[in-house]
Amino acid sequence: MKRKLPLILTILIVTALSACGQQAAQTPLEPAAATETAIQPTQLPAATETAQPLPTDSAAVPPPTEAPVAASASEVSFANDVMPIFEASCIKCHGGEKTKEGLDLKTYDGLMAGSFNGSVLEAGNANDSLFVQQIIEGEMPKREDRLSDSDIQIIIDWVNAGALNN
């Protein structure tokens with residue numbers, strides 16, 4: 001009986017562990033859709049008082065530290081909006097010590113010249129721009145964090161507005 005007990009325990013442990021490993025893959029949860037909450041002031045301030053910010057529901061209103069998204073695509077500037085994104089996330093591999101695939105993002109002209117494989121950007125059409133598609137799909141940047149949705153939108157808006165050197 002002493003020889004059978006370790007064997008039985010081993011079989012039970014192996015069975016339990018293999019049962020745990022057989023769980024079906026869980027599908028990732030989708031984020032819930034955001035809802036808007038209208039905030040109504042309870043009392044209007046007198047003309048001589050300074051208006052104080054109303055308390056907000058943090059889920060309905062983004063915190064004030066977030067950068068606002070560009071008002072329209074025509075207002076996106078290469079120098080002020082797009083280039084800082086490149087400097088933070090792209091130039092290390094495409095213009096710093098290295099210029100991978102021949103794509104130099106240090107300058108507007110370098111981007112427009114394309115890579116060893118040709119043009120990477122179709123001005124006015126982000127959908128057909130390899131550069132934009134690789135950013136959207138998370139292929140680029142490879143060794144940095146994925147660009148934020150607002151940064152991606154800035155690049156898309158800039159390309160769709162004609163990818164101007166402004």
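I take buried to mean under 20% relative accessible area, exposed over 50%, and partly exposed in between, with a 1.4 Å probe and protein chains only. By that rule I logged Cys-90 as buried, at 10% relative accessibility.

**Ground rules**

I am working on a predicted model, where local features need pLDDT of at least 70, side-chain atom pairs count only at pLDDT 80 or more, and totals for chains, interfaces and linings use all residues. I number residues from 1 along each chain as its sequence is written, and my side-chain values use heavy atoms, leaving out hydrogens and water.

**Cysteines**

I looked up disulfides next. I count a pair of cysteine sulfur atoms within 2.5 Å as one. The count came to zero disulfides.

**Aromatic rings**

I pair rings of Phe, Tyr and Trp (its six-membered ring) if their centres lie within 6.5 Å; planes under 30 degrees apart are stacked, over 60 edge-to-face, and the rest tilted. I found five aromatic pairs in the structure. One of them joins Phe-78 and Trp-158. Their centres are 5.2 Å apart with 35° between the planes, and I logged the pair as tilted.

I took helices from DSSP runs (H or I, at least four residues; strands are E, at least two), numbered from the N terminus. Phe-78 sits in helix H2 (residues 78-89) and Trp-158 in helix H5 (residues 149-160), so this pair ties together parts 80 residues apart in sequence. I checked burial for both partners. Phe-78 is buried at 5% relative accessibility. Trp-158 is buried as well, with a relative accessible area of 1%.

Trp-158 also pairs with Tyr-108. Here the ring centres are 6.3 Å apart and the planes stand at 80°, so I logged the pair as edge-to-face. Tyr-108 belongs to helix H3 (residues 108-113) and Trp-158 to helix H5, so the parts tied together are 50 residues apart in sequence.

I then looked for a cluster. Phe-78, Phe-86, Tyr-108, Phe-131 and Trp-158 form one aromatic cluster.

**Salt bridges**

I call it a salt bridge when a side-chain nitrogen of Lys or Arg is within 4 Å of a carboxyl oxygen of Asp or Glu. How many did I find in the whole structure? The search gave two salt bridges.

Glu-144 and Lys-92 meet at 3.1 Å, N to O. Glu-144 is in the loop between helix H4 (130-136) and H5, and Lys-92 is in the loop between H2 and H3, so the pair ties together parts 52 residues apart in sequence. I logged Glu-144 as partly exposed, at 29% relative accessibility.

Arg-146 bridges to Asp-149, with the closest N and O atoms 3.6 Å apart. Are these two side chains' residues buried or exposed? Arg-146 is partly exposed at 45% relative accessibility, whereas Asp-149 is exposed, with a relative accessible area of 61%.

**Leu-103**

I finished with Leu-103, which lies in the loop between H2 and H3. Leu-103 is buried, with a relative accessible area of 8%. I count contact as heavy atoms within 4.5 Å. Leaving out residues up to four places away in sequence, I listed what Leu-103 touches, including His-94, Gly-110, Val-120 and Phe-131.
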